[in-house]
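Good morning, and thank you for coming.

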Amino acid sequence: MEHDERRSVSWGRNSHDGEERTTSSPLSSGRLSHTDDPLGADVSGLPLRVLDLERLVREQDAEIAVLKSTVTDLQRRLGQVEGLRAVGKTSPALSSLRAPAQRFVNGKHSGIARLEAPKKKLSVPDSHRFRHHESTGSLHSDGHSSNSVSPATSPSPTAAAARQQRHLPNKTASLTKRWSSATEFQHQQQRHSPAVSHTPQQVKMRRHSHAARPRRPESYAGGTLVEEPRDIWRLNSEPQTTPRTRRSSAGAMTHHHNSAGKGRLSHRPGTRDMSYNAEDGVLKIFLKGRPVNLYAPSDVMEEYDLNAVLPAPERQLALQWAYGYRGKDCRNNLYLLPTGEMIYFVAGVVVLHNVDDQMQRHYTGHTDDVKCLAIHPNRTTIATGQCAGTKSNAQPQVHVWDSASLNTLHVLGEGELDRGVSCLAFSLTDGGAQLAIVDEGQDRTLSVWDWQEESKVTENKAANETVVDVQWHPLDKGVLMTCGRQHVNFWLLEAGSLQRRQGVFGGRDRPKYVTCMDFTDSGDLITGDSDGRILFWERGGTTVTNTVADAHEGTVFTLFVDKTGNVVSGGKDGKIIEWDREMTQTGNVVELPAEYGAPRMVSPGRGGQLLVGTTGNCVLTAEWGADPEPIVRGHTDEVWAAAAHPGRPQFATGGWDGRLFMWDLVTHAPVWTMDFEEGVQSASFSPDGSQLAVGLVSGRWDVLDADSHETVFSRTDGDEPIQTLRFSPDGNMLALGSRNNTVYIYEAGDGGFNRVAKCTGHSSFITHLDWSADSTLLRTNSGDYELLYWTAATGRQVTQASELRDTEWASHTCTLAFNSVGIYPEDADGTDVNTCCRSNDGSLMAAGDDWGRVKLFPYPANQAKTTNHSYQGHSSHVTHVEFFAEDDRLLSTGGRDMAVLQWAVE
């Protein structure tokens with residue numbers, strides 16, 4: 001005898017009290033009406049049989065997903081091997097590994113000696129060489145991605161040799177009305193033309209074509225979308241044309257190439273005039289109406305041409321490693337894929353991190369902060385949502401992409417979402433055919449999409465207050481839940497319309513926030529809230545049926561139900577607790593150290609392992625009865641300080657969170673950390689790498705021993721941040737630029753540092769400074785676009801700047817100088833470019849701007865029309881860029897995105 005075991009859900013209204021209620025079939029309540037049918041005894045066991053069958057189906061689905069993902073990962077690895085063979089055919093050596101930039105003198109590192117030492121290559125066994133390249137790429141080479149692999153962990157962070165990392169190249173419907181109801185949306189849809197359908201061959205970057213929103217022209221050049229030529233400044237010479245701008249379809253890792261044009265260039269607001277006096281060798285520019293004279297070196301002053309075009313450098317950047325994790329203000333963003341990779345995000349980068357292989361892959365298709373992610377039931381398709389940014393192409397949108405190839409499959413909501421995507425989820429009962437998206441705009445709209453057709457099914461207002469999570473019911477088709485500030489809402493998607501029921505707390509205090517939710521294996525909803533409670537909502541109902549009070553001291557941040565049916569919760573108190581099916585503690589508790597923060601996200605890892613994302617922007621692995629182990633560390637506030645060690649594979653970063661990290665390039669883990677009572681603003685190593693100078697936001701600055709991180713000297717100059725500091729090339733002096741418009745110069749001695757000069761003359765705060773190669777001169781930039789020169793011994797300003805046109809500078813970090821005039825984009829106001837750095841071999845210049853772009857220029861970049869490669873990864877202003885000693889890597893730091901990115905120079 002066959003029975004329809006499917007649980008039904010309907011929406012009705014109680015005629016007695018006027019309140020909405022949910023009615024369900026007898027099976028949904030676990031009760032059966034009595035009957036004289038002799039089969040009644042057998043029928044009474046159907047609810048338990050249904051639950052067992054549902055549980056079995058879910059387990060089989062999970063096993064199938066694992067098998068599919070394993071096959072996909074094998075295909076990806078085979079594709080990578082084929083790529084290696086192709087590289088081997090064009091290169092005599094598959095991989096040449098060279099020693100890091102260091103040389104030992106009397107048992108110590110010597111940065112000066114390293115600069116004079118010849119470069120040597122290490123012979124590496126073939127087996128090691130192969131492992132070095134293992135699983136570094138994707139199955140397809142045209143995704144918005146980057147790949148990196150680290151060699152096996154070195155015995156010591158200061159190991160004498162670090163393997164060079166090598167990478168394979170990767171190629172890479174607008175409804176504007178806000179609907180007051182789902183019914184109105186459906187009626188309006190009937191008046192519009194249907195969505196454009198696509199064949200399976202057109203799945204890559206499919207977009208709807210709407211007459212009201214014309215597509216921007218796109219083109220490919222060498223597998224990369226490019227920006228057509230444009231002039232960045234209006235020149236007082238031959239006029240130029242204004243060409244079109246071409247846009248990357250994913251807006252990331254796009255190379256923008258500029259070249260000369262003919263005709264007339266239209267004047268745009270904010271464009272600066274530029275003129276050149278060949279007789280005096282003076283290039284005059286205007287920044288916000290202020291004239292700045294830049295003096296050309298003698299060897300170029302006669303031949304300098306304003307209309308000349310500098311080509312982009314042959315070398316390019318590839319994202320190698322992303323440091324950090326966004327757990328401070330995001331949730332539901334850490335999972336284990338069947339391939340063994342953890343997936344999470346930081347800034348505008350989604351990271352697929354393989355801990356065993358010490359390898360990261362990166363999805364870089366987003367143009368601004370990634371705020372949420374969801375995993376499809378097939379475990380290989382990923383959806384990630386971003387917020388709106390200040391860039392023209394940084395609209396709120398959702399990307400659906402393949403985790404094996406890193407190819408973008410679909411982009412949803414572009415031009416339709418308001419402020420950003422707060423949360424999203426794939427449906428579970430229909431094979432993940434639908435995607436729920438919550439817009440964090442003023443209307444807080446919940447929309448349901450047929451993501452494969454890129455068409456919106458329906459939408460409705462989710463809540464009056466903030467929504468923090470959305471989940472589809474794992475057993476009941478068309479049922480989903482949202483939660484957030486003072487609410488839990490139950491939704492039914494039926495006949496293309498969303499119907500909402502508000503959750504009833506049943507006489508219990510309504511919490512300020514319902515922060516997380518999950519489902520038991522029987523389909524009951526469990527939620528955690530800001531009062532430290534765990535609430536149970538019976539399947540098919542909208543009222544709380546059970547409460548676990550004081551589950552945590554403070555907010556319950558995360559919940560999940562494991563395979564055994566036990567509940568795992570994490571809270572603001574820093575504890576992860578396991579509960580059995582009766583919600584009694586099993587005794588398994590993990591308590592996180594305070595330095596990592598509280599558990600924001602807990603998800604199952606391998607075996608009995610737990611993956612933990614924390615409010616301190618860390619990722620940990622934990623097991624019951626053992627101390628958690630950090631896998632990813634990060635800053636929790638803006639990162640402004642960074643410095644690459646001159647003789648070791650190490651670098652330092654510091655942020656306004658008061659934390660200073662010394663990182664190892666090989667293990668990508670901190671060698672040591674140090675906490676300050678105030679924010680860290682700047683940092684610089686001495687030439688031999690033995691000392692690290694750190695500037696703080698209070699005006700205090702410390703000099704640390706780079707190995708022991710013990711403070712060897714400390715002093716305070718003024719009460720404003722030390723914006724920049726730098727040792728002289730000979731290591732005998734230290735210059736500090738303060739936000740109080742002053743430069744302080746100190747001389748190193750046996751007893752510490754003694755002030756020898758104080759440079760006053762700037763009318764705004766100091767932004768950058770450079771030493772001359774002979775350690776006798778300084779040049780400085782300020783916030784009001786000044787370029788001044790100083791005598792280091794006396795602190796006196798050198799007013800005849802023309803006499804210094806041929807000075808050799810040990811570094812180039814001043815954004816305003818003759819040889820960096822080409823790094824400014826058109827319409828920039830002078831503050832848009834925050835940082836720049838010249839490579840140690842003098843052939844490249846990197847720059848970071850306010851739009852999160854890291855750019856690579858040829859050096860010198862002394863032409864207005866200097867072509868560059870532009871790369872997206874940061875989602876906030878780039879605060880610092882710096883080449884490592886061997887120029888094979890570049891370091892960049894972000895402001896509000898709190899990210900540290902490591903790039904390979906290829």
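Predicted model: local features only at pLDDT ≥ 70, side-chain atom pairs only at ≥ 80, totals over all residues.

Residues are numbered from 1 along each chain as its sequence is written, and side-chain values use heavy atoms, with hydrogens and water left out.

Let us begin with the sheet that contains strand β22. Strands here are DSSP runs of E with at least two residues, numbered from the N terminus, and two strands pair if DSSP finds at least two bridges between them. The sheet is open and has four strands in the order β21-β22-β23-β24, with antiparallel pairing. β21 and β24 (408-412) stand at the edges with a single partner strand each, so one side of each has no neighbour in the sheet. On average, neighbouring strands of this sheet are turned by 20 degrees against each other, direction ignored; the strand axes behind this angle are lines fitted to C-alpha atoms, and angles run from 0 to 180 degrees between N-to-C directions.

How is β22 joined to β21? Strand β21 (residues 370-375) and β22 run antiparallel and are joined by five bridges. Within this sheet, Cys-372 stands opposite Gly-385 in β22. The two strands form a hairpin with five residues between them, and Arg-379 in the turn has a positive phi of about 70 degrees.

On to the next pairing: six bridges join β22 to strand β23 (residues 397-402), again in antiparallel fashion. Here the bridge partner of Thr-384 is His-399 in β23. β23 in turn pairs with β24 over four bridges, in the antiparallel sense, and Val-400 stands opposite His-410 in β24.

Is β22 buried or exposed? Buried means under 20% relative accessible area, with a 1.4 Å probe and protein chains only. Six of the six residues of β22 (residues 381-386) are buried, so this strand is largely enclosed by the rest of the structure. Both of its faces are covered: Thr-381, Ala-383 and Gly-385 lie on one side, and Ile-382, Thr-384 and Gln-386 on the other.

I turn to a second sheet. It is open, and its three strands follow the order β57-β58-β59 with antiparallel pairing. The edge strands, β57 (766-771) and β59 (787-791), each pair on one side only. The twist from one strand to the next averages 25 degrees. Five bridges join β58 (residues 777-782) to β59, and Leu-778 stands opposite Trp-790 in β59.

Finally, the aromatic rings. The structure holds 20 aromatic pairs, where rings of Phe, Tyr and Trp (its six-membered ring) pair if their centres lie within 6.5 Å, and planes under 30 degrees apart count as stacked, over 60 as edge-to-face and the rest as tilted. One of these pairs is Phe-651 with Trp-663, which is stacked, at 6.3 Å centre to centre with 20 degrees between the planes. Phe-651 lies in strand β46 (residues 650-655) and Trp-663 in strand β47 (residues 659-664), so the pair ties together parts that are 12 residues apart in sequence. Both Phe-651 and Trp-663 are buried.

Thank you for your attention.

How values were computed:
Buried < 20%, exposed > 50% of the residue type's maximum accessible area, 1.4 Å probe, protein only.
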